[in-house]
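Me: I have a structure open and would like to go through it with you. Could you take my questions one at a time?

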Amino acid sequence: MTSSLELHGVRAAYDAIAVLHGVDLRVGAGEVVALLGPNGAGKTTTLRVAAGVRAVTAGRLVLGGRDVTGADPRDLAAAGVCLIPEGRGVFPNLSVRDNLLMMTFTGKTHAEIEEVAFSRFPILAQRADQIAGTMSGGEQQMLALARGLATDPAVLLLDELSMGLAPLVVERLYEQVGEIARQGVAVLVVEQFAAAVLDIADHAAVLVRGRIEYQGPADGELRRELANLYLGSH
Ligand SMILES: Nc1ncnc2c1ncn2[C@@H]1O[C@H](COP(=O)(O)OP(=O)(O)OP(=O)(O)O)[C@@H](O)[C@H]1O
Ligand SMILES: [Mg+2]
């Protein structure tokens with residue numbers, strides 16, 4: 001399944017408080033787009049809108065060229081939108097194997113799911129019987145990604161994958177994310193600190209207080225601009 005993701009003029013609010021003020025974003029199939037920005041900018045909200053978990057108050061959500069504004073999150077998930085939330089989408093009290101087994105609701109067999117998971121992340125095979133919550137943070141993120149891959153995502157939404165992880169671990173995770181994109185998946189990656197994801201991103205956008213303040217290549221100019229953009233937000 002391949003699809004692009006587009007947000008057009010998206011506004012979103014919590015109760016009466018507006019947090020997104022007209023966000024435009026496009027992630028093509030096979031692309032990695034980094035969505036950066038300081039605390040409270042609205043990055044997580046943007047991902048929640050893209051997954052249909054948060055309704056828009058204005059604007060449009062377009063998936064594979066089809067307007068899906070207002071669609072139920074379950075329908076978007078069925079269409080291939082996969083959100084891996086902040087703080088690891090794994091069940092900490094279950095083993096690695098059982099975490100993967102739960103994904104058989106997708107219609108895939110346990111064997112198929114394990115084959116994809118273990119070929120991409122061989123360490124998970126070694127840890128199959130380990131309780132997920134006792135694994136390292138990086139291993140838990142690998143498991144979260146493996147669970148996401150079991151849904152055959154067309155659009156993968158990743159929130160702060162790097163949180164609390166060592167730079168080398170983050171680099172390895174993002175290499176895998178890059179590989180996933182190369183198979184045709186549209187990947188939108190949210191990070192507060194940019195370094196690791198910019199190496200694999202095709203484009204970047206910087207969100208400050210609910211507005212996109214920069215959109216363009218993930219190159220040196222952005223790296224230089226980033227401090228100003230973040231500082232300008234205070
Ligand atoms: N459930 C909620 N109820 C009320 N306000 C919320 C809720 N979730 C987020 N907000 C507010 O919306 C704004 C944007 O939050 P969001 O979580 O999208 O930011 P973020 O860019 O992901 O920040 P961070 O880098 O800290 O994760 C913040 O001001 C936040 O306090
Ligand atoms: Mg967030």
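Me: Which residue forms a salt bridge with aspartate 152, and how far apart are the closest N and O atoms?
Reply: Aspartate 152 forms a salt bridge with lysine 108, and the closest N and O atoms are 3.3 Å apart. A salt bridge here is a side-chain nitrogen of Lys or Arg within 4 Å of a carboxyl oxygen of Asp or Glu. The model is a predicted one, in which local features need pLDDT of at least 70 and side-chain atom pairs count only at pLDDT 80 or more, while totals for chains, interfaces and linings use all residues. Residues are numbered from 1 along each chain as its sequence is written, chains are lettered from A and ligands numbered from 1 in the order in which they are written, and side-chain values use heavy atoms, with hydrogens and water left out.

Me: Where in the chain are the two residues of that salt bridge, aspartate 152 and lysine 108?
Reply: Aspartate 152 forms its salt bridge with lysine 108 across distant parts of the chain: aspartate 152 is in the loop between α6 (137-149) and β7 (155-159), and lysine 108 is in the loop between α3 and α4, 44 residues apart. Helices (H or I, at least four residues) and strands (E, at least two) are DSSP runs, numbered from the N terminus.

Me: Is lysine 108 buried or exposed?
Reply: Lysine 108 is buried, with a relative accessible area of 19%. Aspartate 152 is partly exposed at 43%. Buried means under 20% relative accessible area, exposed means over 50%, and partly exposed lies in between (1.4 Å probe, protein chains only).

Me: How many salt bridges are there in the whole structure?
Reply: A search of the whole structure finds 8. One of them joins arginine 97 to glutamate 114, with the closest N and O atoms 3.2 Å apart. Arginine 97 lies in helix α3 (residues 96-101) and glutamate 114 in helix α4 (residues 110-120), so this pair ties together parts that are 17 residues apart in sequence. Arginine 97 is partly exposed at 30% relative accessibility, whereas glutamate 114 is buried at 14%.

Me: What about arginine 60, which residue does it pair with?
Reply: Arginine 60 forms a salt bridge with aspartate 67, the closest N and O atoms being 3.6 Å apart. Arginine 60 is partly exposed, with a relative accessible area of 39%, and aspartate 67 is partly exposed at 41%.

Me: How many bridges join β1 and β4?
Reply: Strand β1 (residues 5-14) and strand β4 (residues 58-63) pair over 5 bridges. Leucine 7 stands opposite leucine 61 in β4.

Me: And what is the order in the sheet of 6 strands?
Reply: This open sheet has the order β6-β7-β8-β3-β9-β10, with mixed pairing. Its edge strands are β6 (81-84) and β10 (211-217), each pairing on one side only. β6 and β7 run parallel and are joined by 4 bridges, and the bridge partner of isoleucine 84 in β7 is leucine 158.

How values were computed
Pairing = 2+ DSSP bridges.
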